[in-house]
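Good morning, and thank you for coming. I would like to speak today about salt bridges. Please take a moment to look at what is on the screen.

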Amino acid sequence: MRAGFPDFRLGKVLATSFTGTLSERHGDAVERIPTPQRLIDWLAVYGLAVDSCTTAQLDHARELRESIHAVATAAAIQDALPASAVQVINDCSAQGRAAAILTPEGRRRWQLGSASCVEDALSVIAADAISIIAGERDGKLALCASPTCQAAFFDTSQSRTRRWCDMNTCGNRQKKARFHANQRKNPRSAE
């Protein structure tokens, strides 16, 4: 990762990982794609390499990110999907040029053409969001239990009871806070 920028929080699900490029939404927000180059870097990590990105394309990517977050949040709490956010996702999905490729391991991978642009990569992210929100994939949309995070994530655990978007950050932070609160209540238990 490039020096001076927060690390990416990488997940296995493209669309919800993309929404994670803005974390701590209800606390001190952390923007993980603050520049066009950082968006290029993030896309490359997910196999969606593009050569360039303008400020307008970064703004468009952030609009898609926030739309996916809004729709995924509504779906997770079983609320009506916001029509304007749905429209952004649908428009992004329809704009791009990408092909689904079958790997030798039997998995689907997206391939952008040689002259691909940011919009092509965003269409793949939008298509991934559509498949999750439409219930086409095995898993469940949920919201992080951290009061400062509340990120939408796709729970593929066997029991579908995962509480944290990322155990290494939000989960550990909450468990640590609970431990310290218990230590303050019961100072003798630390002996």
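A salt bridge, as I use the term, is a side-chain nitrogen of Lys or Arg within 4 Å of a carboxyl oxygen of Asp or Glu. Side chains of opposite charge can pair when their charged atoms come close. Please bear in mind that this is a predicted model. It holds 8 salt bridges, and I shall discuss some of them.

Let me begin with Asp120 and Arg97, whose side chains meet in a salt bridge at 3.2 Å, N to O. Where do these two residues lie? Asp120 belongs to helix H5 (residues 118-133), while Arg97 sits in the loop between helix H4 (83-95) and strand S3 (98-102), so the pair ties together parts that are 23 residues apart in sequence. Asp120 has a relative accessibility of 1% and therefore counts as buried. Arg97, by contrast, is exposed, with a relative accessible area of 52%.

I turn next to Asp41 and Arg38, which form a salt bridge with an N to O distance of 3.9 Å. Both residues are in helix H2 (residues 36-45), 3 residues apart, or about one turn of the helix. Are they buried or exposed? Both Asp41 and Arg38 are buried.

A further pair is Arg137 and Asp128, with their closest N and O atoms 2.4 Å apart. Here Arg137 is partly exposed, at 27% relative accessibility, whereas Asp128 is buried, at 5%.

Finally, there is a network: Arg25, Glu31, Arg62, Arg65 and Glu66 are joined by salt bridges that share partners. Thank you for your attention.

Key. Residues are numbered from 1 along each chain as its sequence is written. This is a predicted model: local features need pLDDT of at least 70, side-chain atom pairs count only at pLDDT 80 or more; totals for chains, interfaces and linings use all residues. Side-chain values use heavy atoms; hydrogens and water are left out. Helices (H or I, at least four residues) and strands (E, at least two) are DSSP runs, numbered from the N terminus. Buried means under 20% relative accessible area, exposed over 50%, partly exposed in between (1.4 Å probe, protein chains only).
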